[in-house]
Amino acid sequence: MDSSKKRPRHGDDNDGAAPTNKRPNASNPLQDVPTSEHYQVSYMHRQTVTHSCTSLRHGYVVTGSTDGVVKFWKRTSTTAAPPGARGGSANMTAGSAAADKAGTSRCLEFVKSYSSHVGPLLALCASQPNGDSAASIGYDGVIKFYDVATFDVSGMIRTDKSTSKQTFRLGRCAALIEREDLYLLVSTRAPTREEWQIEMKEKERLEQLRKQQEEDSDDDGPLPEPANETKKDEALEAKNDMVPPGAILMFSGTNLSSDPLRVITYHASPVTALAYHSAKQWVVSGDASGVLEIWNIPSSSSVGEDSSRDGPLPFESKFETDLYALMKKKTYAIDIAVSESTKGEGGNGHFAVYSSDRKIRLFSFDTCKLVCIYDERLKVYDKLLSSKSSAMGIDAIEYGKRAAMEREMEDAYLLSGGVATNPTTKQSLSMVTPSSEGSYHQQLHITFDNTGKYLLLPTIVGVKVINIQTHRVVATVGKGDASQLRFLHLCLCPGDAKINQQMQLARMGGSSAAISHGGTDEPNDSLLVTLAHGKRRFYAFSHHDPLANHDQGEPDEQMILARDILNEAPDASDLLEASHLGRSDNDPDSMAKLTTASKAILRTTHGDITIKLFPKETPRTIENFVGHAQSGYYDNVIFHRIISGFMLQTGDPLGDGTGGESIWGGEFEDEIRRELRHDRPFTVSMANAGPNTNGSQFFITTVPTPWLDNKHSVFGRVIAGMEVCMAIEGVKTDDLDRPLEEVKILSVDVS
């Protein structure tokens, strides 16, 4: 057995949010922005959810995931139904049954699912301004169009069947536009590192071939060139006539031609963000060099045709604007949100740019000048945390855990738009490939509300709602769930969506309580659909917070379970979560037998270490630990691995890190719990050699180790004897972290 088998891996925001249960009314400026601290319901895909969009006209939400699946969801009432009003059903999921018992609204109803693409999605968008159509774009080169009203596929374009000599790679930025025709704008992406290397080799080969032909032409007399060689070279030239990554392709959603109507070349670098202003028919786009462009959509007809109806741009010269502001700061856009007007102000509205330096720049469409900058860099939160007057509401340990998540996002290129540019050669490469992990395909997305007054921004503390007139945070959505979920992609579904009332009545057992809105005190049905980093769920916020203001203090487990609908086959983490919530202690189907032990004392050669155990959260791990402790398995076992500033490892009867097994023989599965993290020193956790390989070895951390989260099962915390841990940590070790003097567990007492 490998000696390294069992080892842990080393490695002024004043939100001013109103009480979440207060019902919005006509005088509430945030009536179309849910401001609840907790999501109301969540639904699953089989793999990581990467995209979402909505159609207000038809009341649908569309979601997509890394397995190429696109799902349609019909919006229902967000008002909680009376418990049991839906009636029984043979095919109700666990989450549905819990929701019914708790009287919680499900907000969305699954309608239809399509396996639209082979591999991950590049983009998913609804048509503007009406939302009558939607389009999905995949790495497989396929573009699919959907009729939202009938939730059916209306057409498909296979770009690999293009008859054009030019070839292209579809990108991650898209907009679907309703005009005299249905137009789809799609960016082209930069090559991946492998594609770029292949292109360079092909260019070198062609260059060598040209040089050889030039050398042959220097002979005594001209030689005829074989016809077949000429055709071969022409074919190679055509094959390598690649559309530059900065181009934007314009396809027709009506004639479904695989050849683009136009190739728009305003950008010299790969386009990283794109948005559409439907009222003025302007497109705002940004590229990896930091250039922002505002342009009219060209007519699909000949170049010479009059396009005066498109209207003038909001400036005469770009030098009079701040559209070069990002390039001057050596940053670039990774997302753009458009507000077509600001209620009460008139004008053409604003657009916000989330850039790779973690700053959000607000521009006015009227002048294209910079209005304000909102700074979301971690150093801003560092200062807030050190300030005694900080309104963040989290401690240093919790902040360290969230900061570690931000670094994971950076590693997944989420905060760079999936692009990396060599500062010397200026060559841009796509860092996300079809085989990349699910979180790599997610994209950060910000949005405005329908009044244009509020900008919704996903941050480390939740979704901030910023008043762009006062530049103050007026609410923070989801801050109660932000410790476990890092929200990324926002899709705001305003109120007054079309809801099938007959279907709603049938669903509620004939009760009209869920669809009647008797007065201005009733909340509207607006939803905020959010995606979270690395999650295969999407989360819906409404004006109703299911976990707020309970008479008995903390919300019960049944209420928590009711939020997460098991509409797909659950994985290990879902099963574990469901097994702990809504389960009685005498349930014969429980995944593990609970033990009553809640405390253990390690009697060591350096003193006693008292550990608080978590039997309810990690029953199988505790059963294993207690079983070994009571049988004397840990007696006289040494601490075989000690790393100062990291952890103390023990539990191996062989004393070299290669031995140990569970009380059942062999290994057993992980018990990863959301609320049990490596976010503080003196955390007790199981050592392993990978997922579900727990035996007898465990370790005690001496510092926060958030990189171990979701990899090792936390089952206890040291509550006394911290000085003993520090004394053991101070023991001298060799180059393999083995202590030079023997440190033993003499015995273990459990109670």
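Predicted model: local features only at pLDDT ≥ 70, side-chain atom pairs only at ≥ 80, totals over all residues.
Visitor: How many bridges join strand S35 to S37, and which residue stands opposite Val684?

Guide: Strand S35 (residues 683-686) pairs with S37 over three bridges, in the antiparallel sense. Gly716 in S37 is the residue opposite Val684.

Visitor: Which residues of helix H11 are buried, and why are they on the same side of H11?

Guide: One looks at the directions in which the residues point from the helix axis. In helix H11 (residues 722-729), Val724, Cys725, Ile728 and Glu729 are buried. They are on the same side of H11 because they cover an arc of only 140 degrees around the axis. These buried residues pack against several strands, among them strand S30 (599-604), strand S34 (647-650) and strand S37 (714-720).

Visitor: Where is Glu617 placed, and how far is it from Val714 in sequence and in space?

Guide: Sequence separation and spatial separation should be read side by side. Glu617 lies in the loop between S31 and helix H10 (619-631). Although Glu617 and Val714 are 97 residues apart in sequence, their C-alpha atoms are 9.4 Å apart in space. Glu617 is partly exposed, with a relative accessible area of 23%.

Visitor: How is strand S19 joined to strand S18, and what lies between them in the hairpin?

Guide: Five bridges join strand S18 (residues 350-355) to S19, and the two run antiparallel. Val353 stands opposite Arg361 in S19. The hairpin of S18 and S19 has three residues between the strands, and Arg358 in the turn has a positive phi of about 70 degrees.

Visitor: How does S19 pair with strand S20?

Guide: S19 and strand S20 (residues 370-375) are antiparallel as well, with five bridges. Arg361 stands opposite Ile373 in S20. In this second hairpin five residues lie between the strands, and Cys368 takes a positive phi near 60 degrees. Strand S19 (residues 359-364) is mostly covered, with five of its six residues buried.

Visitor: At what angle do the axes of helix H5 and helix H6 cross?

Guide: The axes of helix H5 (residues 378-386) and helix H6 (residues 396-411) come within 12 Å and cross at roughly 180 degrees. H5 is therefore roughly antiparallel to H6. At their contact, Leu378, Tyr381, Asp382 and Leu385 in H5 meet Ala396, Tyr399 and Glu406 in H6.

Visitor: How many disulfides are counted?

Guide: A disulfide is a covalent bond between the sulfur atoms of two cysteines. With a cut-off of 2.5 Å between the sulfur atoms, the count comes to zero disulfides. Cys125 is in no disulfide, and the nearest cysteine sulfur, in Cys53, is 6.8 Å away. The sulfur of Cys491 is 4.3 Å from the closest cysteine sulfur, that of Cys493, which is too far for a bond. Cys125 counts as buried at 10% relative accessibility, and Cys491 counts as buried at 6%.

Visitor: Where are Leu256 and Ser258, and are they buried or partly exposed?

Guide: Leu256 is in the loop between S12 and S13, and Ser258 is found in the loop between strand S12 (248-252) and strand S13 (262-264). Leu256 counts as partly exposed at 26% relative accessibility, whereas Ser258 is buried at 14%. Leu256 has a positive phi of about 55 degrees although it is not a glycine. Ser258 touches several residues beyond four places away in sequence, including Ile157, Arg158, Phe168 and Phe251.

Visitor: Which peptide bond is cis, with omega near 10 degrees?

Guide: The cis peptide bond runs from Gln128 to Pro129. Pro129 is in the loop between strand S6 (121-128) and strand S7 (133-138).

Methods
Residues numbered from 1 in each chain as written. Heavy atoms only, no water. Buried < 20%, exposed > 50% of the residue type's maximum accessible area, 1.4 Å probe, protein only. Helix = DSSP H or I, 4+ residues; strand = E, 2+ residues; numbered from the N terminus. Arc of directions from axis to C-beta. Contact = heavy atoms within 4.5 Å. Pairing = 2+ DSSP bridges. Axes fitted to C-alpha atoms, helices over the stretch in contact; angles between N-to-C directions. Parallel < 35°, antiparallel > 145°, perpendicular 65-115°, else oblique.
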